[in-house]
Every structure is written in C-alpha cells, then in structure tokens.
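Trainee: I would like to go through the labels used for this structure and see what each one rests on.
Mentor: Ask about them one at a time, and we will set each value against its definition.

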Amino acid sequence: MRQTDFAPGMHLLLDLEGARDLADAPRLEAVLRGAAAVAGARVIGAQFRSFGAGQGVTGVVLLAESHISIHTWPETGFAAVDIFMCGGSAPERARAHIEAELAPERARCTAIRRGA
C-alpha cells in the first residue's frame, strides 16, 4: 500500500457517567445510528444485545469508515463508547450527538490519532 492511499483516522474513547437509557438496546442503536449520520459516516450494519431486563447492553454500528460501539452498565450509570472513523467523517460530531442524547452527568474523552 502506498502511503498516499492510507487515510488516517481518529479514535475517540468516551467514558460516560450518569447517562440515561443504558438498558434500552433499541434506543442505544438509534442513538449510535444517529451519531453516524451527523458525522457523515455510512452505516453498513449493526448488532445490539441486551444482557436481560434492566441489565447492560453491548452494541456496534459498523461503518464504511470503521465503527461506533457501546457497552453499558445501567446499575452504575456508566457507558464505554468507542468511536473510530477515518476519511471525511467527523467523529467529534458523533461524540456531541451521543452526549446530547444520553445526557451523562460527566463525560471524559480520550482522542487518539490512528495511522498518523
């Protein structure tokens, strides 16, 4: 692969504390699909699973530009979100959408440039 063919990406790791809807798999899928849309990314698939009534959810939205994933612990109000995008997509827009929708009391983001 030639270096000019490689599109570096941005990887955002979000820790959301005191977030809402963390046991609702369909809602979380809608939130992550919405995040992809506002970031200008193309969804190519998704898988979401609940661990049972009132329990956590794990899910991933597969993107042509990479992925957005979530793993939740509703009993503590914590969610770990992973946003990895390359190309012309805007991962910060995805982050803003997720935070607005899940309304955490606290959010911490670690940004890692990939392939740079």
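**Labels and their cut-offs**

Trainee: How do you know how many disulfides there are?
Mentor: A disulfide is a pair of cysteine sulfur atoms within 2.5 Å, and by this rule the count is zero disulfides. The sulfur of Cys86 has its closest cysteine sulfur in Cys109, 17 Å away, so the pair is too far apart for a bond. Cys109 is likewise in no disulfide, with the sulfur of Cys86 as its nearest cysteine sulfur at 17 Å.

Trainee: What should I keep in mind about the model itself?
Mentor: This is a predicted model, in which local features need pLDDT of at least 70 and side-chain atom pairs count only at pLDDT 80 or more, while totals for chains, interfaces and linings use all residues. Residues are numbered from 1 along each chain as its sequence is written, and side-chain values use heavy atoms, with hydrogens and water left out.

Trainee: Why is Cys86 called partly exposed?
Mentor: Buried means under 20% relative accessible area, exposed over 50%, and partly exposed in between (1.4 Å probe, protein chains only). Cys86 has 22% relative accessibility, so it counts as partly exposed. Cys109, with a relative accessible area of 25%, is also partly exposed.

Trainee: What makes residues 25-38 a helix, and what is its span?
Mentor: Helices (H or I, at least four residues) and strands (E, at least two) are DSSP runs, numbered from the N terminus. Helix α1 has 14 residues and reaches 20 Å from its first C-alpha to its last. The expected span is 1.5 Å times one less than the number of residues, and the value for α1 is close to the expected 20 Å.

Trainee: Which residues of α1 are buried, and what covers them?
Mentor: Ala25, Leu28, Val31, Leu32, Gly34, Ala35 and Ala36 are buried. Their cover includes β2 (43-50), β3 (57-63), β4 (66-73) and α2 (91-102), where contact means heavy atoms within 4.5 Å.

Trainee: What makes a set of residues a nonpolar core?
Mentor: The set must be buried Ala, Val, Leu, Ile, Met, Phe, Trp, Tyr and Cys residues joined through side-chain atoms within 4.5 Å. The largest here has 27 residues, and Ile68, Ile83 and Ile98 have the most contacts inside it. The largest share of this core, six residues, comes from α1.

Trainee: How do you know that β1 pairs with β5?
Mentor: Two strands pair if DSSP finds at least two bridges between them. Nine bridges join β1 to β5, and these strands run antiparallel. Leu14 stands opposite Val81 in β5. Nine bridges also join β1 to β6 (residues 106-114), again antiparallel, and Leu16 stands opposite Ala107 in β6.

Trainee: What makes the pairing of His67 and Asp82 a polar contact?
Mentor: A polar contact is a pair of N or O atoms within 3.5 Å; within protein, one must be able to donate a hydrogen and the other to accept it, and residues adjacent in sequence count only if both atoms are side-chain atoms. The side chains of His67 and Asp82 make such a contact at 2.3 Å. The side chains of His67 and Ser66 are joined by one of 3.2 Å.

Trainee: Where does Thr58 lie, and is it buried or partly exposed?
Mentor: Thr58 lies in strand β3. Its relative accessibility is 30%, so Thr58 counts as partly exposed. A polar contact of 3.3 Å joins its side chain to that of His71.
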